[in-house]
Amino acid sequence: HPMIAEAATQFQAKAINELFPAKGPVGATVIGEATEETQRQADRVSTYMNYQLTDEMPEYFPDLDQMLFHLPLVGQTYKKCWFDINLRRVTSRFVQAEDFVIDSGATDLESASRYSHVLRIPKHEYSQYVANGFYEPVEFDDGGPEESTVNDVDGIEPIYSNNAAPVELIEVHAFSDILNENEDEPDKPVVVTIHMSSEKIVALRRNWDEEDTRFRKNTWFVSYKFLPGLGPYGYGLYHVIGGLGKAATGALRSLLDAAAYSNMTGGFKLRGRVKGGDMEIAPGEFTDIDAAVDDVKKAIMPLPFKEPSQTMMQLLQFVVTTGKQFANTIESNLSDANQNTPVGTTMAMLEENSRVFSAVHKRLHNSQRKEFKLIAKLNGIYLPDRYPYRTKTQDVILRNDFDDRIDVVPVSDPNIFSQSQRITLAQELLQMVQSNPEIHGPLGMHEAYKRMYATLGIDTVEALL
């Protein structure tokens, strides 16, 4: 039954529109009192990061799109931000929860003392990393004739061919004394990368800022949760309504089996009473049979297959309705609303029926904000001096714009989680201005209509107003 798949698809469709709008997902705010200089800096930062995520990082949108479909199903995903030495640029990639191992006693990544990321890198990419000095060289494991013979005897078909098998690494983020200069120093955060098959350390790096004398660890992963779980991992639809999904599937299969058996009836036939085998009977034709009884019904008895049960149908409807009440959507809940319903009542219905998605959207907004801050931090370290396009102030150094004066935030509003809610708020504002135009000033009506057009996605409104 597609109940869970439908809920995941609808969630993904709404979330991707909110987290990645057409004009770009990044905004920038000035920390403290804004001046003309800092405001121009914030505009440059938001413009460049939107350009960066849409043009310079072509993997960002597909990864976000795929992640938002995994998230409601399994409940937990991750994004990893780093400077890729092969691509010569900052990148952010989707990491599945099954490839990320974290201390079970930790509540978040910042408080975890250790977590590991399982990497699978194609051989040609790993060779490029070795050539660029990022990893140490290793001997590629091609299996050999012994392993192939064992697989043939056991009947195991390998996932990859010998030449296409990726290099498997474990990247461990932990605390260690391996970089300590004195024995009395506390353990420092490090990143140790281990080749899985040979257990050889191929990379060892510090995981704190070079100027930081307190040796605070850097967290290059961002946790995305659907619902809070009992540990560091979140819960998804499989956890909370997976049982209902199985019950709906079982009820649906039972109904289909009953329908199939009732339409293809079999039964018993008395041996020797009816002669002949299978017969083809055309519509409207009566076929002669050889039988030793005067009533053919006495020689043939069909099995008592029942038609699909109405009780099973009601059970299926109950299970599906119960599951959809948990994973409800805004559109389905507002479909029964009267067009003459006041806007305030509609807003109350919208907020009441969408509490689950509203809470999930706030968690996504907070995680995306952390991801943008990581990308901005990497930009302040690795970006070149000049902007790749013309700006109003050509003497500005691109890397210096990403300092502590500017904070990058998602353009999505954590309190607004759908276009329906956004249009309803703009409509309420317009009605309030229309009801009392004298207290909103001479430009109040103009601004209300301008915001309404902007909410509807109409940009060129100057010709209308």
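Let's start with Gln368: at 1% relative accessibility, this residue counts as buried, because buried means under 20% relative accessible area (over 50% is exposed, in between is partly exposed; 1.4 Å probe, protein chains only). This is a predicted model, where local features need pLDDT of at least 70 and side-chain atom pairs count only at pLDDT 80 or more, while totals for chains, interfaces and linings use all residues. Residues are numbered from 1 along each chain as its sequence is written, and side-chain values use heavy atoms, with hydrogens and water left out.

**The overall picture**
- The protein has 13 helices and 14 strands, taken as DSSP runs numbered from the N terminus (helices are H or I, at least four residues; strands are E, at least two).
- Of the 465 residues in the protein, 36% are buried.
- Take the contacts (heavy atoms within 4.5 Å) with a separation of 6 or more: 68% of them come from residues 24 or more positions apart.

**Around Gln368**
- Gln368 sits in helix α11, which covers residues 355-382.
- Leaving out residues up to four places away in sequence, Gln368 touches Leu19, Pro25, Tyr60, Tyr224, Pro410 and Ser412.
- With Leu19 there's a specific atom pair to look at: a polar atom of the Gln368 side chain lies 3.0 Å from the backbone oxygen of Leu19.

**Helix α13**
- Helix α13 (residues 444-455) has 12 residues, which at 1.5 Å a residue should span 16 Å; its end C-alpha atoms are 17 Å apart, so the two agree. The expected span is 1.5 Å times one less than the number of residues.
- Which residues of α13 are buried? They are Gly444, Ala448, Met452 and Thr455.
- These residues cover an arc of only 70° around the axis, which puts them on the same side of α13. The arc is that of the directions from the helix axis to the C-beta atoms.
- What the buried residues of α13 pack against is α12 (419-435).
- After α13 comes Gly457, with a positive phi near 90°.

**Cavities**
- There are two cavities of 30 Å³ or more. A cavity is a set of points, on a 1 Å grid over the protein atoms alone, where a 1.4 Å probe fits but cannot get out; lining residues have an atom within 4 Å of a point.
- The second largest cavity has a volume of about 50 Å³, a volume being the space filled by probe spheres set on the points, which are joined across faces, edges and corners.
- Residues lining the second largest cavity include Arg114, Tyr115, His173, Phe175 and Lys217.
- Strands β6 (167-176) and β7 (188-195) are the elements that give two or more residues to that lining, and β6 gives the most, with three residues.

Notes
A polar contact is a pair of N or O atoms within 3.5 Å; within protein, one must be able to donate a hydrogen and the other to accept it, and residues adjacent in sequence count only if both atoms are side-chain atoms. On a 1 Å grid over the protein atoms alone, a cavity is a set of points where a 1.4 Å probe fits but cannot get out, and a pocket is an open set with protein on both sides within 12 Å along at least five of seven lines; lining residues have an atom within 4 Å of a point.
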